[in-house]
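Student: Could you show me how to read pockets, cavities and a ligand site in a model? I would like the general idea each time, then the case at hand.

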Amino acid sequence: MDKLIIRGGLPLKGEVAISGAKNAALPIMAASLLSSGVHTIRHIPKLRDVITMGKILTNMGLNVAFENGNVSINSSSVSNFEAPYDLVKTMRASVLVLCPLVARFGRARVSLPGGCAIGARPINLHLMGLEKMGAKIELEEGYVVATAGRLKGASIYFDIPTVTGTENLMMAAAIAQGTTILENAAREPEVIDLANCLISMGAKIKGAGESLIEIEGVDELKPIRDYPVIPDRIETATFISIAGITGGDLTLTGCRPAHIDAMIMKLRDAGLVFEITEDSMRVKGPDRPIAKDAKTQPYPGFPTDMQAQFMSLMSIADGTSVIKETIFENRFMHVAELKRMGADIMIEGGTATVKGVRRLKGAHVMATDLRASASLVVAALKAEGESTIHRIYHLDRGYEQMDEKLRKIGAQISREKDSA
Ligand code: EPU
């Protein structure tokens, strides 16, 4: 297990190339199960989660090869229809293979993801939709076992807009018989990216990015050919927070600023200065950010995946900010760690009240989940002295070469083996 050692306090300056989006790459890789042949996907980030998805597909008999930021997947022979517990327990997004398997092969055995550090995160809505499309679903020894003939189009309403639920059912509907309507669907850019990829395979999908998606099933899809995954909006926004907290000056290239409008508006109000083009941005941090409130919401609202990093920024802001988490019930695990660095934060239910302090101090802290880890890196880059962030494998699940990217823009950061 690795740890990161960061000596904070320097304004970070320079250019950062943004990687492909983890949360778009994962469903697009799962979509390779929908048709037979050789699929090629570009702009794939080299991340632990992406490698886990590769292992899940390999375990089913597909041939997966990563090379130079691309992945090629041969889905001509699928011999096993299972996503085993050992892999699913390390990545909940493994559940994205469920619907493609049932839609194309009429069966799947996928380990039910357990609870997660940030909340219970059930998959009842994925299962409800699949049942409505005609699948029979049973729970056996902790596995979801689904069987079906050809799935049939259905009208499906989500009580809560679910990102992977929308993606899973969109994939099922793409090769189901008849038309499927997904209502109160998630509108995230990653949902749109998957829809665009499916359309490039021959799917008939209207309305992705809106709350109502209509999918007219087709008999067969073509393999994915050279589809480029969108840039990672959460990585982009994390580097914006880093410019903001260190008073830095960063140019982020190969990003899609339009995907993080809510963040940019909020951070402009907090005193950060942006120069934006269609696919890049320059962001300068202020001497001290101004405290602003935030409430996490489904897209296009303020993303829950940025709540922790924004809280680090607010921890040194001028004034008090109130940050409400409405998506996950336990996504404040970073708070106790930020407090160890001198932050003044109080939690009551889903609300954190952050009183900005003038300085943070380096400390030993523990990463608890992916975005919490990122928030500790953001804070450590500002903190005086040395911080050690333990259990950094969480960070490696979702940020491509974060330490190298930071070193290039002037951070004092090293990675060591953690004997603790
Ligand atoms: N929910 C249910 N039932 C379901 C599905 C979801 O009650 O069947 C609830 C969840 O418990 C949560 C809410 O609905 O309260 C929204 O969850 P959603 O299903 O949208 O989350 P997800 O699809 O499991 C994706 C991202 C997460 C991100 C959330 C919210 C992927 C692979 N993961 O998760 O990303 O936080 O959407 O935007 O796309 C991350 O990258 O760090 C991460 C956790």
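Student: Which residues lie nearest the centre of the second largest pocket?

Tutor: On a 1 Å grid over the protein atoms alone, a pocket is an open set of points with protein on both sides within 12 Å along at least five of seven lines, a cavity is a set of points where a 1.4 Å probe fits but cannot get out, and lining residues have an atom within 4 Å of a point. Here 15 residues line the second largest pocket, and Ile44, Lys46, Asn68, Gly69 and Glu400 lie nearest its centre. Helix 2 (48-59) and strand 4 (63-67) are the elements that give two or more residues to this lining. Helices (H or I, at least four residues) and strands (E, at least two) are DSSP runs, numbered from the N terminus.

Tutor: One caution on the source: this is a predicted model, where local features need pLDDT of at least 70, side-chain atom pairs count only at pLDDT 80 or more, and totals for chains, interfaces and linings use all residues. Residues are numbered from 1 along each chain as its sequence is written, and side-chain values use heavy atoms, with hydrogens and water left out.

Student: How much space lies in the second largest pocket, and what classes make up its lining?

Tutor: A volume is the space filled by probe spheres set on the grid points, which are joined across faces, edges and corners. For this pocket that is about 230 Å³. Its lining has six nonpolar, six polar and three charged residues. In this scheme Ala, Val, Leu, Ile, Met, Phe, Trp, Tyr, Cys and Pro count as nonpolar, Asp, Glu, Lys and Arg as charged, and the others, Gly among them, as polar. Domain 1 (2-19 + 231-417) and domain 2 (22-228) each supply at least three residues to the lining; the domain bounds come from an automatic or database domain assignment.

Student: What is there to note about the backbone of Asn68?

Tutor: Most residues other than glycine have a negative phi, and most peptide bonds are trans. Asn68, in the loop between strand 4 and strand 5 (70-74), has a positive phi of about 50 degrees although it is not a glycine. As for peptide bonds, a cis one joins Tyr299 and Pro300, with omega about 10 degrees. Pro300 sits in the loop between strand 18 (294-295) and helix 10 (307-314).

Student: How many cavities of 30 Å³ or more does a search of the whole structure find?

Tutor: The search finds two. The largest cavity holds about 40 Å³ of space, and its lining consists of Ala21, Lys22, Asn23, Glu190, Asp232, Arg233, Ile234 and Arg371. Five of these lining residues are charged, two nonpolar and one polar.

Student: Why does the largest cavity lie between the domains?

Tutor: Both domain 1 and domain 2 give residues to its lining, so the largest cavity lies between them. The second largest cavity, of about 30 Å³, is lined by Arg7, Gly8, Gly9, Leu10, Leu12, Leu381, Ala411 and Gln412.

Student: Which element gives the most to the shell around the ligand?

Tutor: Helix 5 does, with three residues. By class, the shell has 10 nonpolar, six polar and five charged residues.
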